[in-house]
Amino acid sequence: MGRVKQAEKNIFFGYISNIIILLLGFWQKTVFIRTLGRTLLGVNGLYTNILGMLSLAELGIGTAINYSLYKPVAGNDREKIKSYMRLYKRAYFAIAGVIAVVGLALTPFLPQLITPEKRGGVSVNELMIYYLIFLFNTVSSYFVAYKYSLANAEQRNYIQTTITTITKMVVVAFQIIVLLLTKNFLLYLLMQTAIELLQKVAVSAYFNHLYPYLRERKVEKLEKEEIDTVVTKTKAMIFHKIGDVARLSTDDIIITYFLNLDLVGLVGNYTYIITYAANFINIIFNSIVSGLGNLVATESKEKQYGVFKVYRFVACWLYGYAFSGFFLLLSPFITGIWLDGTWELGQAVLALILIDFYLKGGRTVLVNFKIAAGIVEKDRYLALIQGGVNLVISILGIKWIGLAGVYVGTVVSGVLANLIQPVILYKDCFSQDVSAYFKDAFQYIGAIACVVIVLLPVRNLVIAQMSVPAFIVMALIISIVYNAAFLCLFHRTEEFVYLWDLVRRKRKK
């Protein structure tokens with residue numbers, strides 16, 4: 001099956017999965033809020049962030065080995081695949097051990113992070129037990145996670161997508177039953193642990209059946225040059241991982257320490273919806289990463305550059321559409337339809353979160369192409385700088401201006417990557433002048449800003465009295481105005497013409 005066909009299949013399964021998971025998660029979060037409240041919602045978000053920091057132990061070896069698998073998969077070199085997969089397995093088992101040890105070592109510091117006035121009546125012992133369950137779930141995932149890599153390298157991402165969706169459906173159904181019957185957070189967590197353990201056993205058996213040759217005892221050793229390549233790229237990814245953790249996994253910790261745990265839950269409602277929107281968009285881009293690896297391995301730089309421009313154009317269009325919709329409708333939805341006015345976040349904080357959301361979308365395109373091309377060494381120190389900038393500005397900002405200060409640091413540190421990564425990619429991968437990239441970026445941002453400015457007074461008029469019909473009408477207005485504006489402004493570009501030709505060819509078939 002060709003790259004395009006595989007990408008289409010991955011995207012289709014990804015969309016179905018994301019819709020199901022979004023709706024189930026929304027239902028689950030609603031029941032959670034009404035049965036357990038803000039504090040435990042904050043605990044859930046905080047521990048997810050802390051365990052996100054512990055995932056630093058993965059240190060990018062998964063990315064490095066996935067890149068190394070593209071060539072043997074393309075050539076159906078089973079012996080080489082076996083060699084890389086054995087290395088991957090050993091590395092992930094070691095990583096699980098490191099996370100377990102470091103995670104346990106952090107346990108005594110939890111009471112200092114969540115002081116009595118911030119924990120809303122939750123005891124220290126309860127906090128410890130909850131944390132250990134989160135830690136166990138994270139550690140156990142590494143014993144099966146590496147098995148997905150081969151299927152993904154073969155552009156069969158839909159396998160992991162389907163397994164994740166089915167598991168989520170079962171977990172959410174049982175967790176909601178537990179919440180409604182018992183209102184017990186401990187049983188809620190244990191239910192997830194039990195189901196996911198069964199899933200991991202089933203997944204392991206499934207991949208053993210799908211790739212029986214991986215169980216063969218005879219496995220050739222990798223050449224020194226091949227190991228050196230993995231080590232070099234892993235070292236580069238270490239810096240990226242540390243920077244990403246300092247930039248993306250510390251906000252909730254900073255908010256908990258300087259403000260309170262309830263705010264973590266409040267912000268989490270907004271970021272939950274925004275994150276799933278990003279996941280929905282990223283299905284398109286992440287589903288074809290392995291296809292990009294094949295493209296880089298087999299096509300010319302001119303072909304790669306042409307695909308990149310189309311790839312990036314689609315990202316800016318979709319992320320801009322999501323930005324516009326969320327800026328205009330997310331707060332009214334949360335405070336007027338879903339919950340109530342006590343869950344209002346504030347327009348300034350929301351704007352900063354959404355700016356980072358849009359910029360992150362642009363970086364997704366850049367990072368995916370860099371990974372596919374194996375260019376991860378050149379900006380290895382950038383992520384460290386980003387992480388440091390984020391921590392300094394976020395801590396100073398939260399002291400000076402409150403909650404918004406945390407996200408000022410996130411935006412500023414993100415902008416650094418949006419300025420530097422295109423320069424590296426255009427020079428090392430495409431041998432092109434990067435000025436065209438920034439020219440297009442300003443045009444896309446300008447178009448999005450104009451649409452939002454025009455629609456703000458319309459929003460205030462249409463949803464002066466919030467209701468579901470008014471919300472739907474405003475959503476339709478945003479969709480029509482935004483997409484019409486993009487069509488008018490960019491319909492003559494090479495990227496749009498390419499996409500339109502692709503659509504016409506599909507319709508003819």
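**Exercise 1. How many salt bridges does the structure hold?**

Step 1. Start with the ground rules: this is a predicted model, where local features need pLDDT of at least 70, side-chain atom pairs count only at pLDDT 80 or more, and totals for chains, interfaces and linings use all residues. Residues are numbered from 1 along each chain as its sequence is written, and side-chain values use heavy atoms, with hydrogens and water left out.

Step 2. Apply the cut-off: a salt bridge is a side-chain nitrogen of Lys or Arg within 4 Å of a carboxyl oxygen of Asp or Glu. The structure holds 6 of them.

**Exercise 2. Find out which parts of the chain the Glu216 and Lys82 pair links.**

Step 1. Check the distance: the closest N and O atoms of Glu216 and Lys82 are 2.7 Å apart, and the two form a salt bridge.

Step 2. Glu216 sits in the loop between helix 9 (185-210) and helix 10 (224-248), while Lys82 is in helix 4 (residues 78-106), so the pair links distant parts of the chain, 134 residues apart. Helices here are DSSP runs (H or I, at least four residues), and strands are too (E, at least two), numbered from the N terminus.

Step 3. Look at burial, using these cut-offs: buried is under 20% relative accessible area, exposed is over 50%, and partly exposed is in between (1.4 Å probe, protein chains only). Lys82 is buried at 4%, and Glu216 is partly exposed at 40%.

Step 4. Widen the view: Glu79, Lys82 and Glu216 are linked in a network of salt bridges.

Step 5. Visit Lys80, also placed in helix 4. Lys80 is buried, at 18% relative accessibility. Leaving out residues up to four places away in sequence, Lys80 touches Pro72, Leu222 and Glu226 (a contact means heavy atoms within 4.5 Å).

**Exercise 3. Are Arg363 and Asp356 buried or exposed?**

Step 1. Find the pair: their side chains meet in a salt bridge, 3.8 Å from N to O.

Step 2. Read the accessibilities. Arg363 has 7% and counts as buried; Asp356 has 7% and is buried.

Step 3. Now try Asp501 and Arg504, a salt bridge with its closest N and O atoms 2.5 Å apart. Both residues lie in helix 20 (residues 494-508), 3 residues apart, or about one turn of the helix. Asp501 is partly exposed at 24%, and Arg504 is partly exposed at 43%.

**Exercise 4. How many disulfides does a search of the whole structure find?**

Step 1. Run the search with the cut-off, a pair of cysteine sulfur atoms within 2.5 Å. The whole structure gives 0 disulfides.

Step 2. Compare two cysteines: Cys316 is buried, at 8%, whereas Cys488 is exposed, at 58%.

**Exercise 5. Which residues form a nonpolar patch on the surface?**

Step 1. Set the rule: patches are made of residues with over 30% relative accessible area and no salt bridge, with like charges joined within 9 Å and nonpolar side chains (Val, Leu, Ile, Met, Phe, Trp, Tyr) within 5 Å.

Step 2. List the members: Ile166, Met169, Val170, Phe174, Ile177 and Leu181, with about 570 Å² of accessible area together (Shrake-Rupley method, 1.4 Å probe; for residues, only the protein chains shown count as cover).

Step 3. Zoom in on Ile166, found in helix 8 (residues 157-182) and partly exposed at 49%.

**Exercise 6. Where are Lys183 and Ser431 found?**

Step 1. Most residues other than glycine have a negative phi.

Step 2. Lys183 has a positive phi of about 55° although it is not a glycine. Lys183 is found in the loop between helix 8 and helix 9 and is exposed at 54%.

Step 3. Phi of Ser431 is also positive, near 55°. Ser431 is in the loop between helix 17 (403-430) and helix 18 (435-462), partly exposed at 47%.

**Exercise 7. What is the mean pLDDT of the protein chain?**

Step 1. pLDDT is the predictor's confidence in each residue, from 0 to 100. The chain's mean is 84, and 89% of its residues reach 70 or more.

Step 2. Where pLDDT is low, the predicted coordinates should not be read in detail.
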